[in-house]
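Here are my notes on this model, as numbered points. Please read them beside the coordinates.

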Amino acid sequence: MSAMEQITLPIGGMTCAACQHHVEVALREVPGVGSAEVNLLANKAMVTYDPAAVRLEALLGAVAEAGYEASLPAEDAGEAVSEDREPHLKLRAGLALAAAVVAMVVSMSLMGGGGASAGVARWFLLVLTVAVMGFVSPQTYSRAWSAARYGSTNMNTLVAIGTLAAFGYSLAATAFPGAFERVGLAPDVYFEAVVFILAFLLLGSVLDARARRRATDALRGFAGLRPETALLVRDGVEREVGLAEVLAGDLVTVRAGDRVPVDGVVIGGRSAVDQSLLTGESVPVMRSVGDEVIGGTINLDGPLTVRATNVGAAGVLAQMQRLLEQAQTSRAPMQRMADRASAVFVPVVLGLAAATFLVWMGVGGFGVRMLPRAVSAAVAVLVIACPCAMGLAVPAAVTVAIGRAAQRGTLIKGGEALERLARVDVIGLDKTGTLTVGEPRIVGVRFADGISEAEGQRFLEIAAGLEARVNHPLARAVVRYVGGSVDIDDVAVEPGMGVSGSVGGLRVVLGNDAMLAEAGVRVAEPGARATLVHLAVDGKHVLTLQAEDVVRDSAALALGELRGLGVAVHMLTGDRVEAAASVAGELGIVGDAVHAGLLPAGKMEFIRAMQGAGHRVAMAGDGTNDAAALAQADAGFAIGSGTDLAREAGDIVLMSPSGSLALTAIPDAIRLARRAVRTMKQNLWWATIYNILGLPVAAGVLYPHFHVLLSPVLASAAMALSSTSVLVNSLRLRRFQ
């Protein structure tokens, strides 16, 4: 089997959780599809499939067979559809509400009794209702019919059956009023109820569309960060070109006030750059020759000349958009309960409506005098039911929370990661690059006895040559300190320990105590509080480099906030005990919470042991040596500048460049996750209680004791507002600070 691929398909025609379920089932049943997750909020389906076994046309056909529309993805297509639909919805809702007011006024004239005027009024209402059903809200019936053709049901099924039942009864009363009068029934009509039901349905759709658009503002905001053109410099000539024409290695000019078009390295100029929308940094950062810049950020002061490194889909902004979209489409575990309920919701409501009709008819001994009340109660049951609220309860909160986190420079990779993060009660923090700035400097070097100055310089260059092959803050510090280097052969990196190789036929090993011990070289540096890097040549210790790092300004505050959230803090580091103790003492991490000398496997084992004791464990590290621990953790925070985001092992990526990282982003993310989960539970409870209470009231359970009977008009208003209330509650997460 070939490698699986992912595609996100725009889906049309979905109105409720039942629709979402039907589309998912249809896609999963296509041979070669590994998984399919549908986002009702964004009207998109994320499908994992085997390209060798599945043609994209088969996916589109499966959705069409289920009674919905699907299309191949096009850039910004989803946003365009969303923006185009709302004005039409507003117009249709306005027309329907105006027609409903007219219908209500005309219906009031019927309360006075019969006569010729009553007959004219009924026929006028009939024509008005047909116009609303056929021209203002035809999708309700076409979508219900499409679902019925393929043996499925959705919210449109409930509304269509309810309004058609009321319309059919009213049509009979209008066409044959005498027949009603002969059996003792007044020829009452429910045309105004039909029009009001459709008007409230459209009004609810307008409110939903607006709330959904606000819920997905973050994703749309990232799309808006990308400029359409760039000032390309070729052969000394500067010209404006479309962004697609810029290739890796090209030079571009970024004027003051312009957005940086692509990821790149500054080769000329110096300016402050605003990265707040991408990394959450509140203060602009200074960028000069040799510094990296990210596409989509704003150049504030002076012109910069930038050599493009990552363009198109490889850029940080494009990766963030892709990850954010996937995260917002992913399914949270809490949604499974809602999915199970939604799968059977509409058939259960149809059965309840039928039972309501029969019970009301039975109250009168199945006499025709109870027919109007039976019809009214059954219609109320059909239109008050709202599977939308149940279907939107979890994804609305997930979408808004993940979008808000992204605006603050934190990428949370999906609803499952969000839920796991909310339950965290223990966190392991890497030292170098996480608790410290991650840019250590070499503060001293000690050579073994008998090493001459010339030999010492040669050994330093060997050390730099080895470290030049390693992407680690300590390795970069060694390279900067030495300046020059020699080429090393047969380089092998031992994560968390060091690096080895050969030069001039000699075996060279550079690393910590454990690395040299493994090579059979004993090094003793008792009591040293600095981080030590040893070099052994041909089995002999020749030098030791001493490195010091600076604790982050935000570290102490972040650890205090974590403890305030009830999260136990542990330091996990591969560094020596003395160096770890120095940082731990400065941050108030004491006793058993300091774990030094750990290899990557040791960090993973610590997390596994804590999980075995019943804890939910988070891990924060640089995503390289800590990859195994990040993957094992319930919630892994990957610290990085944002490059290669899709390959990060963590569930959460802190986008701030490591030098300016605010560790308070970690407790902030936990707080946001807990508030999001609380919002999900509120939404689910609201949707459940709404239907549990609303359906019996609509059926008439209060009538025997309180003579309260819910009219179809009030039922439709309640239905329209139910899903909107869930969305509005979720939108409160946008204000999270």
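1. Aspartate 538 takes a positive phi near 55° in the hairpin of β20 and β21, which has 2 residues between the strands. The two strands run antiparallel and are joined by 7 bridges. Leucine 532 stands opposite glutamine 546 in β21. Strands here are DSSP E runs of at least two residues, and helices are H or I runs of at least four, numbered from the N terminus. Strands pair if DSSP finds at least two bridges between them.

2. This is a predicted model: local features need pLDDT of at least 70, side-chain atom pairs count only at pLDDT 80 or more, and totals for chains, interfaces and linings use all residues. Residues are numbered from 1 along each chain as its sequence is written, and side-chain values use heavy atoms, leaving out hydrogens and water.

3. Strand β20 (residues 531–537) is largely enclosed by the rest of the structure, because 7 of its 7 residues are buried. Buried means under 20% relative accessible area, exposed over 50%, and partly exposed in between (1.4 Å probe, protein chains only). Thr531, Val533, Leu535 and Val537 point one way; Leu532, His534 and Ala536 point the other.

4. Strand β19 (residues 506–511) also pairs with β20, antiparallel, over 4 bridges. Valine 508 has valine 537 as its bridge partner.

5. Elsewhere, an open sheet of 6 strands has the order β6-β5-β7-β13-β8-β11, with antiparallel pairing. β6 (237–242) and β11 (292–293) stand at the edges with a single partner strand each, so one side of each lacks a neighbour in the sheet. Within this sheet, β8 (residues 264–268) and β13 (residues 304–308) pair over 4 bridges. Valine 265 stands opposite arginine 307 in β13.
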